[in-house]
Amino acid sequence: MHPKKLTWLRWPLGLLLAACLLALALDWLFPLPLPRDEAGLVVVDRHGRPLRNYPSSSGVWRYPVTQEEVSPLYVQALLTYEDRWFYRHAGVNPAAMARAAWQWISSGHIVSGGSTLTMQVARILEPPPRTLFGKARQVLRAFQLEWHLSKREILALYLNHAPMGGIVEGVEMASRAYLGKPARELSHGEAALLAALPQAPSRLRPDRAPERALRARDKVLDRLADYGVWPAETVADAKIERVIAQPPRGEWLAPLAAERLRQAARRDARQPGQRRIVASTLDADIQATVERMLLDRLGQLPPKVSMAVLVMENTTLAVRGYAGSADFDDNKRFAHVDMVRGIRSPGSTLKPFLYAMALDQGLVHSESLLTDAPQSFGGYQPGNFQAAFSGPVSVADALQRSLNVPAVDLLDHVGPQAFATQLAKGGVKLRMPRGAQANLSLILGGGGTTLEELVGGYRALAAGGVAGVPRLDPDAPRREARLMSPGAAWIVRDILESGGRPDRPFQSGPLQLAWKTGTSFGFRDAWALGVTDGYTIGVWVGRPDGTPNPGFFGANVAAPLLKDIAAALPAVPGARRAARPASVVAAAICWPLGQLAADTPPAFCHEKRSAWLLNGTAPPTLPDRARSGGLVETLWLDPKTGLRVTPTCLASAVPQRIARWPLWLEPWLDPAVRARHAPPRWAPGCAPAGGGTVLRIVGVDPGSVLRPAAGRQSATVDVATLGASGTVYWLRDGELAGDSAPGRPLRLEFKHNGRVRLTALDGGGRFDRVEVVVTGIGQGGAEKP
């Protein structure tokens with residue numbers, strides 16, 4: 001080529017190179033103002049429905065979506081109305097710009113816009129002034145967007161950041177805020193409405209200006225019909241739809257669970273600050289039901305009392321309902337204190353775990369004989385919640401009625417430390433006071449745990465003995481641990497659900513719920529835990545600051561709420577009741593020895609019962625604490641008189657073996673049963689030293705009539721005992737009234753008229769009983785109920 005022609009080409013090539021270098025320099029000096037971590041955050045339920053909206057640092061509500069999560073109808077309406085050549089231009093449409101400029105020059109005002117969708121994104125990211133310089137900068141930013149981003153990424157920016165009125169941005173948030181549905185479910189009319197809204201978001205808000213919004217929507221629909229994107233019939237049907245929108249409001253379901261998830265997302269080192277949609281395992285419908293039930297009960301609670309509920313799906317460990325406080329809007333009830341995670345005394349809610357461990361250790365079966373009577377365990381003297389005692393009870397009765405003394409007795413055999421260690425392996429950690437060791441008070445709430453851990457532990461009753469950690473995050477791993485054997489879990493659940501007796505009549509109902517309540521010392525915490533085939537549910541009621549609530553206990557405040565929630569929950573697909581394990585069989589056993597009826601001599605079988613046995617074994621009744629040598633005793637009788645003797649007293653004495661009831665139970669036996677199975681009386685002169693000593697109540701005679709003194713509203717009497725050994729326990733109609741030292745009097749007070757049975761029981765298991773009549777209490781001696 002001629003040198004002169006080459007010289008002529010250098011100028012345009014140089015200018016082109018200079019322009020490229022200038023563009024690179026400007027791009028480096030003025031980088032794209034792409035959105036950063038100031039965006040808002042949405043916590044959603046398992047179906048993607050918002051539970052709580054967290055605004056961005058600028059106060060904007062936004063729900064991030066991809067193009068695939070938005071209805072294709074909206075994308076069609078948007079591109080047809082705003083930028084039909086979006087996929088063909090490089091950020092600016094010269095023809096549209098020229099047309100808009102000519103119309104402006106000709107008419108003196110703006111007739112139509114020439115902005116492309118890319119230019120609108122540039123304006124959203126960096127709002128320019130309404131000047132020619134501002135328009136030029138917007139054009140340059142559009143070129144810059146097209147240079148750095150794909151069309152798909154530019155469209156995504158618009159979908160998520162387009163102004164939709166007030167603090168609402170993006171099509172997904174607009175769809176949910178105004179229409180109450182996700183953007184993937186938009187109808188033709190709704191898609192056109194949201195496509196028009198960014199044109200004038202303040203003037204066209206459908207909740208405030210429905211008529212203007214309708215006209216703008218119809219303009220979009222006409223454009224779609226004119227270009228043949230939608231059939232005329234479809235457009236005509238879409239125009240029939242009325243514009244009805246709700247005012248935008250933030251979602252406030254599960255506020256404490258949502259905050260817990262948000263904080264966890266912030267701590268997630270793998271995705272620091274990048275999660276804009278935080279998924280949860282919660283179900284919005286179940287959550288709304290739980291929160292509504294809590295609000296309905298607020299009127300029945302004193303001030304400052306809160307409630308907490310946790311609902312977990314058994315098969316997946318997924319939390320479906322989470323209420324950490326009774327009302328998030330009521331700060332007087334410690335609204336922001338999450339009592340799902342609060343460490344509190346669990347009361348009697350640990351008893352099912354204890355009985356399961358005792359079953360697995362071969363200590364008991366479901367009808368093993370236990371003692372419910374005043375006892376001292378190394379100085380620890382537990383009482384029952386109602387202060388009454390029942391005497392002989394089975395394992396099933398003791399657990400279902402939540403009796404304290406049998407549970408402490410059983411824990412003494414299992415071992416407090418072994419019990420706490422096994423619970424910890426199953427995810428239920430017992431926190432002891434500083435410096436304290438695991439002791440017998442654990443089973444009555446002497447340690448601290450959380451509602452979340454209790455729910456995870458109770459799940460074992462419906463999952464073959466395997467406990468699990470509740471999962472609030474769907475990406476959290478499943479953490480499970482065996483807490484008890486499948487057989488023990490099945491028996492304990494059967495006891496809590498139906499009483500645990502194999503010979504009971506057939507029972508059927510709409511809801512099969514195994515449940516247990518608990519109340520901590522001083523009425524500080526009321527609990528109810530329940531298990532169905534599909535769910536494990538936990539309820540806590542109390543004051544987060546630990547203040548007592550007299551009269552509030554698990555059975556009267558927590559259990560009713562538990563049952564209502566269980567009845568309202570939807571069925572879990574695929575959840576089914578576990579079949580009775582092969583390790584569990586029904587068999588007849590005998591009291592007082594507790595062993596198989598088939599292996600028990602008829603004379604030793606004082607009462608036959610039907611029991612669930614684990615692994616085919618029938619453990620004997622636990623050792624009698626008040627009498628050594630076991631429950632089978634060998635007596636020596638005079639063959640002529642049948643009276644009791646000793647071999648040294650009578651050489652011809654013959655041995656006879658009898659089965660005795662545990663000594664502490666004898667005061668509670670039916671008199672006919674006690675007489676039928678009592679050993680014969682001693683022959684004169686043959687009783688060993690001390691063998692004939694009996695305990696006798698003094699200070700009041702059988703049949704005595706007690707009246708109040710003048711001016712008093714109660715009757716009093718001083719009672720004492722003769723022949724007592726150790727502490728003397730006094731019971732009034734089966735309820736513990738006090739204790740005294742041997743020979744020392746105790747003053748008893750009577751405030752109601754009627755017959756009263758007084759029982760004195762000493763440390764050696766001996767007892768005496770008298771019945772008195774109280775009268776004259778109240779005006780005219782009228783009896784009180």
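Reader: Is tyrosine 729 buried or exposed?
Author: This is a predicted model, so take the number as computed from it. Buried means under 20% relative accessible area. Tyrosine 729 has 5% relative accessibility, so the residue counts as buried.

Reader: Which tryptophan forms an aromatic pair with tyrosine 729, and where does that partner lie?
Author: The two rings sit 6.2 Å centre to centre with 65° between the planes, an edge-to-face pair. Tyrosine 729 is in strand β23, and its partner, 65 residues apart from it, is in the loop between β19 and α20.

Reader: How many aromatic pairs does the structure hold, and what kind is the one between phenylalanine 353 and tyrosine 458?
Author: There are six aromatic pairs in the structure. For phenylalanine 353 and tyrosine 458, the ring centres are 5.2 Å apart and the planes are at 70°. Planes over 60 degrees apart count that way, so this pair is edge-to-face.

Reader: Which helices does that pair tie together?
Author: Phenylalanine 353 is buried at 1% relative accessibility, and tyrosine 458 is buried at 0%. The two parts are 105 residues apart in sequence, so the pair bridges that stretch by joining helices α13 and α17.

Reader: What sits over the ring of tryptophan 591?
Author: It's a charged end, placed 3.8 Å from the ring centre. Phenylalanine 86 has a charge over its ring as well, from lysine 151 at 4.6 Å. For tryptophan 591, the residue is arginine 609.

How values were computed
Residues are numbered from 1 along each chain as its sequence is written. This is a predicted model: local features need pLDDT of at least 70, side-chain atom pairs count only at pLDDT 80 or more; totals for chains, interfaces and linings use all residues. Side-chain values use heavy atoms; hydrogens and water are left out. Rings of Phe, Tyr and Trp (its six-membered ring) pair if their centres lie within 6.5 Å; planes under 30 degrees apart count as stacked, over 60 as edge-to-face and the rest as tilted. Helices (H or I, at least four residues) and strands (E, at least two) are DSSP runs, numbered from the N terminus. Buried means under 20% relative accessible area, exposed over 50%, partly exposed in between (1.4 Å probe, protein chains only). A charge sits over a ring if NZ of Lys or CZ of Arg is within 6 Å of the ring centre and within 35 degrees of the ring normal.
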